[in-house]
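Have the sequence and the 3D view open as you read.

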Amino acid sequence: MSLRPASLDLIFKAYDIRGVYPDQLDESIAERVGGAFVIFTEARHVLVGRDARPSSEPLVAAFTHGATTAGADVIDLGLASTDLVYFASGDLDAPAAMFTASHNPAEYNGIKLCRAGAAPVGEQTGLTEIRALVADGHLVGGGRRGEVTHQDLLPAFVRHVRSFVDVNALAGQRIVADTANGLGGLVVPAVFDGLPVSVELLYGELDGTFPNHPADPIQPENLVDLQRAVRDRGADVGLAFDGDADRVFLVDDAAEPLSGSLTTSIVAASTLRGLPADAPLPDRTIVHNLICSKAVPEIVRELGGTPVRTRVGHSFIKAVMAETGARFGGEHSGHYYFRDNYRADSGIIAALVVLETLARSETPLSTLRRPYERYVQSGEINQRVRDPAAVLAAVATAYAGVSQDRLDGLTVDHGAWWFNLRLSNTEPLLRLNVEAPDADACRAHATEVLTLVAREAD
């Protein structure tokens, strides 16, 4: 039986499958995705991991049934963070599916897919073909039913994560980690267990109903408990993870948050320092998306690196990292990608790199951050409009005399300040990011662009 295209349009996004359970995403769709994924990848083995949402277990069971019916063996990783699943895909050289809706509320669920080696599956790299197979519904078995086995890769993942730093250099640090009842509650204690640091966990119990606060650390209100704990405990660093623990945001010793751009700059600098002058170009290449602060490419160049600017989204970052051989890539949204992590993102690896940098600097994070913090950003401002493409074109015309590019939406660079305005992949929204030399200028220029958007939208 075929499915109505409109129902699939709701859940097939640019980078993953995501929707409300069971109204939009249910077991029947998950089963079809399992079969379609096997047909698309021609895989003999498929890995499956899940977060702690109540709906994840039945969705995994349905996906597994579809995949085994199509003839693939399934290795069930059980409860896992998304970066653990990416590691497994790279380590075992097999395609994988992670069931999670990341930072979305508990009523949502979703599927993140990757090919063997953690290669991304997005709209332009296979998700469209998988959607077509799911819509058609005529999935053919592979002649044999696959088998299901279970494997615990958490110990191997912990060893892999620790390999990115000298763990002995971390000695004496006091850390508070808010895992928001997400999968960080599984991964963070395992990574820090036995290390010479003090770690206090907030909301470490795995509970996919997220009873304490949403697992969305990019929203300032979700950092309040972590900031209070950092102040009360006199901690050196606070770490805030999202629901599937592939993203991390940091809070310094003064309980002030670090933006994703600032963390990208610190990790990029750590990656570049100590490289020999004749280091090959890939070792010196750092990828960043176009809404990262202009400080990121500035710092990379100052340290002898080569910055490469990309579109927003993990599939674009990973593709450019594969093309260039870049060692590291960062996004303002808190995703950090490492070449030696199969070019996949990992919040816990990024956290360890910052902690090692902090320990070696022998200065508090509130001091360490200052040279990297050169401009003020607005954060992403969403504006709902009836015809986003038309409004985008009108704004481009209004700034016709200013430097522009269309790598992803519209970027207008005035020199002293710049903005990016781009279409949402899923909603009739325009997303605005503004950066300026100071807070007053940032607010004024954001108001200027939003006023223009509102006028053109009428």
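Val165 counts as buried, because its relative accessibility is 12% and buried means under 20% relative accessible area, with exposed over 50% and partly exposed in between (1.4 Å probe, protein chains only). You'll find Val165 in the loop between helix H6 (154-162) and S8. Helices (H or I, at least four residues) and strands (E, at least two) are DSSP runs, numbered from the N terminus. Leaving aside neighbours within four places in sequence, Val165 is in contact (heavy atoms within 4.5 Å) with Leu352, Val353 and Glu356. The C-alpha atoms of Val165 and Ile349 are separated by 8.7 Å, although the two residues are 184 residues apart along the chain.

A quick word on the model: it is predicted, so local features need pLDDT of at least 70 and side-chain atom pairs count only at pLDDT 80 or more, while totals for chains, interfaces and linings use all residues. Residues are numbered from 1 along each chain as its sequence is written, and side-chain values use heavy atoms, with hydrogens and water left out.

Now for the cores. A nonpolar core is a set of buried Ala, Val, Leu, Ile, Met, Phe, Trp, Tyr and Cys residues joined through side-chain atoms within 4.5 Å. In the largest one, with 65 residues, Phe192, Leu239 and Ile348 touch the most other members. Helix H13 (residues 347-361) gives this core its largest share, nine residues. A second, separate core has 31 residues, including Leu25, Ile29, Val33 and Val48. In soluble globular proteins, nonpolar side chains tend to be buried together.

Next, the sheet. Four strands form an open sheet in the order S9-S8-S10-S11, with mixed pairing; two strands pair if DSSP finds at least two bridges between them. S9 and strand S11 (248-251) stand at the edges with a single partner strand each, so one side of each has no neighbour in the sheet. From one strand to the next, the twist averages 20 degrees.

Strand S8 (residues 174-178) and strand S9 (residues 198-202) pair in the parallel sense over five bridges. To get from S8 to S9, the chain passes through helix H7 (residues 184-192), a right-handed β-α-β crossover. Right-handed here means that, with the strands pointing away from the viewer, the path from the first strand over the helix to the second runs clockwise.

Which residue's side chain makes a polar contact with that of Asn109? It's Ser55, at 2.7 Å. A polar contact is a pair of N or O atoms within 3.5 Å; within protein, one must be able to donate a hydrogen and the other to accept it, and residues adjacent in sequence count only if both atoms are side-chain atoms. Asn109 is found in strand S5 (residues 108-115), and Asn109 is buried, with a relative accessible area of 0%.

Most residues other than glycine have a negative phi, and most peptide bonds are trans. The peptide bond from Tyr21 to Pro22 is cis, with omega near -5 degrees.

Notes. Axes are lines fitted to C-alpha atoms, for helices over the stretch in contact, and angles run from 0 to 180 degrees between N-to-C directions.
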